[in-house]
Amino acid sequence: MKKFTKAMSLVLALVMLLALCACGGTTESAAPESTAPESEAPESTAPESETPESEAPEASFTTVEEGKLIMSTNAAFPPYEMVADGEGVYDGFEGIDIEIAMGIADKLGLELVIDDMDFDSALTAVQNGRSDIVLAGLSYSEERDLVMDFSDSYATGVQVVIVNEGSDVTMDNLGEKMIGTQRGTTGYIYASDTPENGGYGEDHVQAYDNGAVAIQALLNGQIDAVIIDNAPAQEYVAANPGLTILPGTWVEESYCAAVAEGNTALLDAVNSALNDMINDGTVDSIIAKYINAEA
């Protein structure tokens with residue numbers, strides 16, 4: 001009986017020891033389970049790598065009138081924009097800027113609307129929200145950049161000086177003469193600036209509504225010279241015997257389109273369309289259509 005009791009005691013002790021070992025084993029195996037969420041942490045951060053920010057669509061732009069791209073211009077600046085003799089290439093207008101605007105509107109899925117006005121008004125129209133974009137043989141200047149946002153350049157503008165044949169006007173004595181320019185152009189801005197800033201002073205510059213009126217004043221002897229871009233200058237000289245262009249370049253600058261200051265979404269869309277047209281050769285083809293390289 002004692003032997004049995006002693007044997008039973010040993011058995012019970014062994015059972016208890018095994019139980020304790022089993023409990024210890026359970027504790028060790030549970031530890032990895034308690035740390036499992038930490039080892040799977042990347043799964044919880046996966047949605048962050050797929051946040052809407054990385055998949056957000058490009059910002060959409062708005063225009064003055066839904067579905068339309070209103071372009072303000074001054075259609076008296078051949079060959080960039082002019083009223084056509086006939087139907088023209090678009091709504092009675094033709095020219096480099098007209099066709100570039102057509103291409104931009106087409107790529108943006110918009111109907112082009114051309115609003116013809118004097119040059120100053122064309123600039124203020126886009127600033128005041130009456131037009132979406134201005135293309136008017138518009139050259140970049142720091143002064144204009146304060147009130148409008150400019151697109152990438154699509155052409156180089158060269159300004160020259162037109163005089164009467166036999167005139168004593170030269171590039172060197174231009175500041176002593178009376179000069180005509182188109183109102184609001186960089187030609188007027190630069191020429192009317194002070195001599196300290198490279199201009200001739202307001203007293204030596206007369207502004208006209210457009211280039212044609214300035215040319216007529218030159219023919220009438222009211223002024224001694226006209227400062228204007230080379231492309232229209234070639235047109236005016238060809239159409240008016242007795243006029244000539246002085247040798248040399250008065251100033252060189254970049255032609256751009258412009259939108260209202262801060263209208264980044266529309267500017268980005270315009271630049272995208274414009275650069276597509278530059279890269280595929282469309283812009284060069286349009287310019288070549290209107291400007292003879294030998295002119």
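In strand β11, isoleucine 228 is the bridge partner of valine 160. This pairing belongs to a predicted model. Strand β8, residues 155-164, pairs with β11 in the antiparallel sense. Four bridges make up that pairing. Strand β11 also pairs with β9, residues 179-182. Here the two strands run parallel, and two bridges join them. Glycine 180 has valine 226 of β11 as its bridge partner. Strand β11 itself spans residues 225-229. Five of its five residues are buried, so the strand is largely enclosed by the rest of the structure.

The protein has 295 residues, of which 40% count as buried. Its secondary structure comes to eleven helices and 14 strands. Among contacts between residues at least 6 apart in sequence, 74% join residues at least 24 apart.

The average pLDDT is 84, and 79% of the residues score at least 70. Over residues 1-57, however, the pLDDT is below 50. Beyond near neighbours in sequence, this stretch has two contacts in the model.

An open sheet is formed by three strands in the order β2-β3-β4. Its pairing is antiparallel. Strands β2 (76-77) and β4 (93-94) are the edge strands, and each pairs on one side only. Strand β3 covers residues 81-83. Two bridges join β3 to β4, and the two strands run antiparallel. Valine 83 has phenylalanine 93 of β4 as its bridge partner.

The loop between β2 and β3 holds proline 79. A cis peptide bond joins proline 78 and proline 79, with omega at about 5 degrees. The loop between β3 and β4 holds aspartate 91. Aspartate 91 is not a glycine, yet its phi is positive, at about 55 degrees. The relative accessible area of aspartate 91 is 58%. Aspartate 91 is therefore exposed, the cut-off being over 50%.

Helix packing was examined next. Two packed helices are described by the angle between their axes and the distance between the axes. Helix α4 comprises residues 96-107, and helix α10 comprises residues 264-279. They pack at an angle of about 115 degrees, with their axes 9 Å apart. The crossing of α4 and α10 is right-handed. On the α4 side, the contact is made by Glu99, Ile100, Gly103, Ile104 and Lys107. On the α10 side, Val270, Ala273, Leu274, Asp276 and Met277 take part. The residues of this contact divide into six nonpolar, one polar and three charged.

A further pair of positions links separate parts of the sequence. Glutamate 143 lies in helix α6, residues 142-145. Its relative accessibility is 51%, so glutamate 143 counts as exposed. Glutamate 143 and threonine 186 are 43 residues apart along the chain. Their C-alpha atoms are separated by 9.6 Å.

Methods
Residues are numbered from 1 along each chain as its sequence is written. This is a predicted model: local features need pLDDT of at least 70, side-chain atom pairs count only at pLDDT 80 or more; totals for chains, interfaces and linings use all residues. Side-chain values use heavy atoms; hydrogens and water are left out. pLDDT is the predictor's confidence in each residue, from 0 to 100. Contact means heavy atoms within 4.5 Å. Two strands pair if DSSP finds at least two bridges between them. Axes are lines fitted to C-alpha atoms, for helices over the stretch in contact, and angles run from 0 to 180 degrees between N-to-C directions. A crossing is left-handed if the near helix is turned anticlockwise from the far one by less than a right angle, and right-handed if clockwise. Ala, Val, Leu, Ile, Met, Phe, Trp, Tyr, Cys and Pro count as nonpolar, Asp, Glu, Lys and Arg as charged, and the others, Gly among them, as polar. Buried means under 20% relative accessible area, exposed over 50%, partly exposed in between (1.4 Å probe, protein chains only).
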